[in-house]
Amino acid sequence: MTAEYLSAAPLITLPHGFFTRRGGVSRGGFAALNCSLSSQDEPQSVATNRARAMRALGLPEAALSGAHQVHGAAVAMLTEPVPHTARPQADALVTRQPGLPLGIVTADCAPVLFADEAAGVVGAAHAGWRGAVAGVLEATLEAMEALGATRAGIAAVVGPCIRQDSYEVGADLRDAVLARDAADARFFREGKREGHWQFDLPGYCAARLKAAGAGRVGVLPMDTFTDPSRFFSHRRRTVNGEGPIGHQLSAIALPASP
């Protein structure tokens, strides 16, 4: 079975994909297209899944490079493939190297793919609420600019993540968001329980990108929490008392040179 992925109109001319959990070989809670190198899944299964994802995009299987994600704002600039044993500690990756796929993994956090095709620069970011508040999206734009991109020329797409109806949060998260900018109260609405709120993570990410000057910003509408057949979800696992789960991959690359 082919690894299933979603594409986005602003990035359609470049090899990219927001992968679902369908089309892999992993079993149990990791079924089927688990692409997390840090999971408790069988390493060979993860390697097979990541290779299937690259084949689906027509990209070199061994070139996929990722990061050791830490919910921060660090960005790594890559000029060549990075082996999984030497992944940089970062939550975003950028490159201007053709044929070098950048990948991040998520299971409710927002995957964001970036491209300035005219400048020949792409990026990928993992934006959980902590990273988004800390500025990982703006840091990715800055890193792309350092490689020759322009803000107005950058298209950025927020992929499948947990949506507002599913994302009930406490005062600690709300306070951290509002401490940066009180106007961001617009991304919260009253929660189902007293002292809780529903947080619009994709809307927040899109607004931060627009405010930072990204030329085109898109948001895919899927909710990872409510669609267990297509997406892994940490929140769903917690609510249902499930065991270990996998992570879906999102990846982008510049076309390989002829």
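## C161 and its surroundings

Leaving out residues up to four places away in sequence, C161 touches D108, C109, A110, P111, P202, M222, D223 and T224, where contact means heavy atoms within 4.5 Å. The model is a predicted one, in which local features need pLDDT of at least 70 and side-chain atom pairs count only at pLDDT 80 or more, while totals for chains, interfaces and linings use all residues. Residues are numbered from 1 along each chain as its sequence is written, and side-chain values use heavy atoms, with hydrogens and water left out.

C161 sits in the loop that runs between strand 8 (155-158) and strand 9 (168-169); helices (H or I, at least four residues) and strands (E, at least two) are DSSP runs, numbered from the N terminus. Its relative accessibility is 0%, so C161 counts as buried, a word that stands for under 20% relative accessible area, with exposed meaning over 50% and partly exposed in between (1.4 Å probe, protein chains only). Although C161 and L201 are 40 residues apart along the chain, their C-alpha atoms are separated by 8.0 Å.

## The protein as a whole

The secondary structure of the protein consists of six helices and 13 strands. Its radius of gyration is 17 Å, close to the 18 Å that the globule rule gives for 258 residues, so the protein is as compact as a globular protein of that length; the radius is taken over C-alpha atoms, and the rule is 2.2 Å times the number of residues to the power 0.38. Taken along the principal axes, the box filled by the C-alpha atoms is roughly 55 × 45 × 30 Å.

Of the 258 residues in the protein, 56% are buried.

## Helix 5 and its ends

Helix 5 covers residues 201-211, and eight of these 11 residues are buried, so the helix is largely enclosed by the rest of the structure. The buried residues are L201, P202, G203, Y204, C205, A206, R208 and L209. At the N-terminal end, D200 caps helix 5, with a side-chain oxygen 2.9 Å from the backbone nitrogen of G203 (a polar contact is a pair of N or O atoms within 3.5 Å; within protein, one must be able to donate a hydrogen and the other to accept it, and residues adjacent in sequence count only if both atoms are side-chain atoms). Just after helix 5, G213 takes a positive phi of about 100°.

L201, which lies in helix 5, is buried at 2% relative accessibility. Apart from residues up to four places away in sequence, L201 touches D108, C109, A110, A127, G128, W129, I162 and Y167. L201 and S166 are 35 residues apart in sequence, and their C-alpha atoms are 10 Å apart in space.

## Helix 3 against helix 5

Two packed helices are described by the angle between their axes and the distance between the axes. Helix 3 (residues 136-146) packs with helix 5 at an angle of about 40°, the two axes lying 9 Å apart, where axes are lines fitted to C-alpha atoms, for helices over the stretch in contact, and angles run from 0 to 180 degrees between N-to-C directions. Helix 3 passes helix 5 in a right-handed crossing, the near helix being turned clockwise from the far one by less than a right angle.

On the side of helix 3, the residues that meet helix 5 are L137, E138 and L141, and their partners in helix 5 are C205, R208 and L209. By class, this contact has four nonpolar, no polar and two charged residues; Ala, Val, Leu, Ile, Met, Phe, Trp, Tyr, Cys and Pro count as nonpolar, Asp, Glu, Lys and Arg as charged, and the others, Gly among them, as polar.

## Backbone features in the loops

D108 lies in the loop between strand 5 (102-106) and strand 6 (110-116), and it has a positive phi of about 140° although it is not a glycine. With a relative accessible area of 9%, D108 is buried. H71, in the loop between helix 1 and strand 3 (75-78), likewise is not a glycine and has a positive phi, of about 65°, but H71 counts as partly exposed at 37% relative accessibility.

The peptide bond from A31 to A32 is cis, with omega near 0°, and A32 lies in the loop between strand 2 (16-19) and helix 1.

## S45 in helix 1

S45 lies in helix 1 (residues 43-57) and is buried, with a relative accessible area of 17%. Neighbours within four places in sequence set aside, S45 is in contact with V25 and S26.
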